[in-house]
Amino acid sequence: MSTTTRAAVVESGGAPFTLSEVVLDQPAQGEVLVRMVAAGLCHTDLGVAGGGLPFPLPGVLGHEGAGVVEAVGPGVTSVVPGDHVVLSFTSCGDCANCRDGHPAYCATWLPLNLLGGRRADGTSTISRDGEELGGHFFGQSSFAEHALVDERGLVKVDPDVPLDSIAPLGCGVQTGVGAVWNVLEPRAGSTLVVLGAGAVGLSAVMAAALTPATTVIAVDKVGGRLDLAKELGATHTVNASEVADITEAIMEITGGRGADGVVETTGSVFVLRKGVDALAARGTLVIVGAPPFGTEVSLDVNGMLGGKRVVGLTLGDNEIQTAIPVLVQLVKEGRLPLDRLISRYKFEDIGQAVADMSGGRSIKPVLTF
């Protein structure tokens with residue numbers, strides 16, 4: 001049975017989000033109908049809405065959802081109606097990377113999550129006035145009062161934890177955390193640098209504070225965000241608008257040695273290059289920020305010969321069934337103070353949330369339903 005609900009629709013690239021009545025298809029094999037309680041707003045949503053990626057529009061975005069299961073389709077075994085769930089990315093489950101525990105590198109990740117707008121079989125999940133809309137965004141399209149979600153893309157969570165406090169775990173937070181825990185894996189005494197103190201960068205700072213790293217340097221242009229970074233675990237900060245060169249500033253803090261690990265979240269190739277230059281011998285930079293497709297960066301080849309590594313990352317390279325419950329537990333215990341990043345907005349105020357995020361007034365907007 002189909003479900004009529006209300007969604008925030010983007011009509012075309014560059015158009016605003018507008019609320020509209022839509023119809024969700026009935027849950028198919030392996031799908032779950034979720035009543036949304038909260039949904040985080042991410043820069044990826046804004047990039048697609050702005051026309052920066054070829055997602056089919058008109059369409060419904062949203063990929064940091066959290067809600068309550070209302071119905072399940074055939075073959076679903078992991079959840080039942082009434083369960084609280086966090087929604088994340090989907091994957092095929094059958095390719096080599098999925099079987100190896102790395103679903104963020106699924107062979108069909110791009111069409112299933114970011115570009116396709118439909119199920120893997122080509123069918124549509126959302127329509128309006130009889131016309132199909134782009135949907136199935138990250139297997140969820142959670143900017144709606146109800147979402148049709150792939151079972152592989154949702155995780156049952158502790159019902160005692162408020163859903164509006166953990167919705168951002170679906171993308172941005174787990175990305176920043178995974179960059180530190182899954183890639184850099186700091187040893188005792190390590191020095192880490194986080195370039196950009198937005199939601200992903202501050203998540204990386206919080207993650208670093210839970211490791212044996214002894215020096216955590218946050219870099220940003222906004223003083224208020226750097227102050228927050230200090231409160232969340234950064235031992236040092238660099239205001240990029242106040243120093244002549246961020247590489248030199250990092251070198252000064254580290255006594256000329258450089259950083260063991262760098263997390264680049266800004267999407268700026270200029271900043272990325274500065275981060276690579278600030279690496280210590282055998283250091284690793286993790287690329288998280290995504291510039292427009294086709295963007296290239298130049299590197300000093302001889303400078304890389306000291307064992308430096310540059311690694312790309314998607315969604316923290318997390319296996320969500322394992323990672324997200326751990327993050328929920330850390331939020332519950334106050335050891336991952338995610339609420340410090342969140343600003344809450346009613347679903348009807350999505351336009352204001354977008355404006356505040358774009359203007360830097362909100363680090364992580366969360367829509368509530």
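This note goes through an annotated domain and the aromatic contacts of a predicted model.

1. According to the unreviewed UniProt entry, residues 14-367 carry the feature "domain: Enoyl reductase (ER)".

2. The structure holds 5 aromatic pairs. One of them joins Phe17 and Phe143, whose ring centres are 5.7 Å apart and whose planes stand at 80°, so the pair is edge-to-face, the class for planes over 60 degrees apart.

3. Where do Phe17 and Phe143 lie? Phe17 belongs to strand β2 (residues 17-24), while Phe143 sits in the loop between β8 (131-133) and β9 (146-150), so their pairing ties together parts that are 126 residues apart in sequence.

4. Are Phe17 and Phe143 buried or exposed? Phe17, at 12% relative accessibility, counts as buried, and Phe143 is likewise buried, with a relative accessible area of 0%; the cut-off that both values meet is under 20%.

5. A further pair is made by Phe137 and Phe138, where the ring centres are 5.0 Å apart and the planes are at 70°, so this contact is also edge-to-face. Phe137 counts as buried at 0% relative accessibility, and Phe138 is buried too, with a relative accessible area of 4%.

Key:
Residues numbered from 1 in each chain as written. Predicted model: local features only at pLDDT ≥ 70, side-chain atom pairs only at ≥ 80, totals over all residues. Heavy atoms only, no water. UniProt positions renumbered as here; feature names shortened; annotations may be inferred. Phe/Tyr/Trp six-rings, centres within 6.5 Å; stacked < 30°, edge-to-face > 60°. Helix = DSSP H or I, 4+ residues; strand = E, 2+ residues; numbered from the N terminus. Buried < 20%, exposed > 50% of the residue type's maximum accessible area, 1.4 Å probe, protein only.
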